[in-house]
Amino acid sequence: MRVTSILVAGALATGALVAIPAPGARASVARADTMDFLLRQRSKGSEDAPVTVYEMSDFQCPYCRRHALETFPELDREYVATGKVRWVFINFPIPQLHPNATAAAEFAMCAARLDHFWPIHDLLFRNQESWERLADPGPFLLTLADSARIPRNDLLPCLVNHETRDLVRSDAEGAARIGVSSTPTFIIEGGLLRGAAPASDFKPILDSIYKSKTGGSGR
């Protein structure tokens, strides 16, 4: 699968793909620190990794599920865990197609506040068929919190008050501004890769960028 070049360097540099205060907003240092913390919580790999991948994903999307369960574990082992790639998850729920996606994204970001984003990320995708058609997914999502050993009393205030709703919305709006319209979509150092591509499509791209940035031999 070919990577389409797009003008996203400025957006990445300014944080347009992550939840940041709107221009002119009065944000406290504490809020900025919270945003930095949440970005770290949904990132994998060294902050000094030469290659960064932004994954725009919808927890109710079946193709995102395929990527999370079949493709990402291999990329994680070969590129993220070895320090070559930093992988950042960006919320892009599409409620017109997936009515429970926003609730799942808010739930995941509430878990991120408690240092449990990746366990919940995995549980949401593994159990997608169990919660995606529920009229109210909330009670089932709480059972996933139990599985991840997150105390409900710590999680419930965030969920009840929708404390991560603005963050999820900001993620999605930032991604839309740079041309993202479907999931999963990946921003790889200024290039756009759409769809649930297999690991074999990612590897030559990651190897080439890694080599160009480090002068190394790729893998």
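A charge is taken to sit over an aromatic ring if NZ of Lys or CZ of Arg is within 6 Å of the ring centre and within 35 degrees of the ring normal. By this criterion, Lys84 lies over the face of Tyr210, at 5.2 Å from the ring centre. The charged end of Lys44 likewise sits over the ring of Trp118, 5.0 Å from its centre. The model is predicted, and local features need pLDDT of at least 70, side-chain atom pairs count only at pLDDT 80 or more, and totals for chains, interfaces and linings use all residues. Residues are numbered from 1 along each chain as its sequence is written, and side-chain values use heavy atoms, with hydrogens and water left out.

Rings of Phe, Tyr and Trp (its six-membered ring) pair if their centres lie within 6.5 Å; planes under 30 degrees apart count as stacked, over 60 as edge-to-face and the rest as tilted. The planes of Phe59 and Phe125 meet at 40°, with ring centres 5.1 Å apart, so this pair is tilted. It links distant parts of the chain, 66 residues apart: Phe59 belongs to the loop between strand 3 (51-57) and helix 3 (62-80), and Phe125 to helix 5 (residues 117-126). Helices (H or I, at least four residues) and strands (E, at least two) are DSSP runs, numbered from the N terminus.

Trp87 and Phe202 form a tilted pair, 6.0 Å centre to centre with 50° between the planes. This pair also links distant parts of the chain, joining Trp87 in strand 4 (residues 85-91) to Phe202 in helix 10 (residues 199-214), 115 residues apart. Trp87 is buried, with a relative accessible area of 1%, and Phe202 is buried at 0%. Phe59, Phe125, Trp87 and Phe202 are among the members of one aromatic cluster, which also includes Trp118.

The lining of the second largest pocket comprises 16 residues, of which Ala103, Glu106, Gly138, Leu159 and His162 lie nearest its centre. Helix 4 (101-113), helix 7 (138-147) and helix 8 (152-160) each supply at least two lining residues, and helix 4 gives the most, with five. A pocket is an open set of points on a 1 Å grid over the protein atoms alone where a 1.4 Å probe fits, with protein on both sides within 12 Å along at least five of seven lines; lining residues have an atom within 4 Å of a point.

Terms used: Buried means under 20% relative accessible area, exposed over 50%, partly exposed in between (1.4 Å probe, protein chains only).
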